[in-house]
Amino acid sequence: MSAVALHARPSDNFQAKLAHTAAVLTAAAAEHGSRIVQATSLGAEDMVITDLIARWHVPMAIGTLNTGVLHSQTLALLTRIQAHYGLQIRVMQPQREAVVQFVTRNGERAMYQSLELRQACCAVRKLEPLRRLLESKTAWITGLRREQSDHRAAVPLSEQEANGRLKLNPLADWTWGDVWHYIAINDVPYNALHDQFFPSIGCAPCTRAIALGEDFRAGRWWWESENTKECGLHVRAAEGVAA
Ligand code: SF4
């Protein structure tokens, strides 16, 4: 059964949430101009935002990270997005030399050896390219939702980061059913892995399908305890890890 058939169930106030999200994107683009970017993981939530940007002709840059170890389905989606919407997505890659050094020193499977090595891999492949994507930006858009995990249960609609940059999470109060309802009614392209029980998709070595009844993010870093399951992209400085 497809992810659309399984999950598309809108909330009673779906239309109000949708109108609010579109208004937030439009206002943010007007306020920040070329200094705002949607940082997309190419997951279902981010596809909703990208579709809104395209549908409402919101003048906003879109960027993503190619860590070098993404699933082929994720890379295929990137190509499909650009063809479907005619949008240019800025693709940030880790610094080749840093990746070679990390892998030479720690091996291809370092992420399974310790939390420190897993976070070090995320730092090289994700955090550093994200830092460059956000360089000179005054605001960025994410697809974080409160429902995604206990760790994200308090995600605000907007927050000022320690560095002064505004982080907007316009889907914070959307449900998984809302996301898939939007995708269904707007025929939004999405990652084929979502149809194979991958609700949350990251790098290939660190993502697996989930079983019936498992948590939304059970397929991410499944060998770690629940409270370490963030790559640092969305961990607040107050919690001790650079965002
Ligand atoms: S998610 Fe896994 S493979 Fe990707 S950067 Fe983090 S540790 Fe490395």
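Predicted model: local features only at pLDDT ≥ 70, side-chain atom pairs only at ≥ 80, totals over all residues.

Reader: What volume does the largest cavity have, and which residues are the closest to its centre?

Author: The largest cavity comes to about 560 Å³. Its lining is made of 36 residues. The closest to the centre are Ser41, Asp46, Ile201, Leu233 and His234.

Reader: Which helices and strands each supply at least two residues of that lining?

Author: Both kinds of element take part in the lining of the largest cavity. On the strand side there are β1 (36-40) and β2 (61-65). The helices that each supply at least two residues are α3 (44-55) and α6 (115-134).

Reader: How do the residues of that lining divide into nonpolar, polar and charged?

Author: Every class turns up in the lining of the largest cavity. Its residues divide into 16 nonpolar, 13 polar and 7 charged.

Reader: And the second largest cavity: what is its volume, and which residues are the closest to its centre?

Author: That one has a volume of about 110 Å³, with 13 residues lining it. By class the lining has 8 nonpolar, 1 polar and 4 charged residues. Closest to the centre are Cys121, Cys122, Cys203, Cys206 and Trp221.

Reader: Now an open site. Which helix gives the largest share of the lining of the second largest pocket?

Author: The second largest pocket holds about 270 Å³ of space and has 17 lining residues, with Leu6, His7, Phe197, Ile210 and Leu212 nearest its centre. The lining divides into 11 nonpolar, 4 polar and 2 charged. The largest share, 3 residues, comes from helix α1 (residues 3-7).

Reader: On to α2. What distance does it reach from its first C-alpha to its last?

Author: Helix α2 takes in residues 14-32, so 19 residues at 1.5 Å a residue give an expected span of 27 Å. The actual reach in the model is close to that, at 27 Å.

Reader: Why do the buried residues of α2 line one face?

Author: The buried set is Phe14, Lys17, Leu18, Thr21, Ala22, Leu25, Ala28, Ala29 and His32. Look down the axis of α2 and these buried residues line one face, because they all fall within an arc of 135°.

Reader: What covers that buried side, and which exposed residues are on the face turned away from it?

Author: The cover over the buried residues of α2 includes β1, α3, β4 (139-141), β6 (166-168) and α7 (176-186). The face turned away carries the exposed residues Gln15, Ala16, Ala30 and Glu31.

Reader: Which residue follows α2, and what is its phi?

Author: The residue after α2 is Gly33. Its phi is positive, near 55°.

Reader: Let's do α3. Is Glu45 buried or exposed?

Author: Glu45 lies in helix α3. Leaving aside neighbours within four places in sequence, it is in contact with Gly143, Arg145, Gln148, Leu171, Trp176, Val179 and Phe216. With a relative accessible area of 6%, under the 20% cut-off, Glu45 is buried.

Reader: What separates the C-alpha atoms of Glu45 and Tyr182?

Author: Along the chain, Glu45 and Tyr182 are 137 residues apart. Their C-alpha atoms are separated by 9.7 Å.

Reader: Which residues does Thr50 touch, not counting those up to four places away in sequence?

Author: Thr50 lies in helix α3 too, and it is buried at a relative accessible area of 1%. With that sequence limit, Thr50 touches Gln38, Ile62, Ile81, Tyr85 and Leu87.

Definitions and conventions:
Residues numbered from 1 in each chain as written. Heavy atoms only, no water. 1 Å grid on protein atoms, 1.4 Å probe; cavity = no way out; pocket = protein on both sides within 12 Å on 5 of 7 lines; lining within 4 Å. Points joined across faces, edges and corners; volume = space filled by probe spheres on them. Helix = DSSP H or I, 4+ residues; strand = E, 2+ residues; numbered from the N terminus. Nonpolar A, V, L, I, M, F, W, Y, C, P; charged D, E, K, R; others polar. Buried < 20%, exposed > 50% of the residue type's maximum accessible area, 1.4 Å probe, protein only. Arc of directions from axis to C-beta. Contact = heavy atoms within 4.5 Å.
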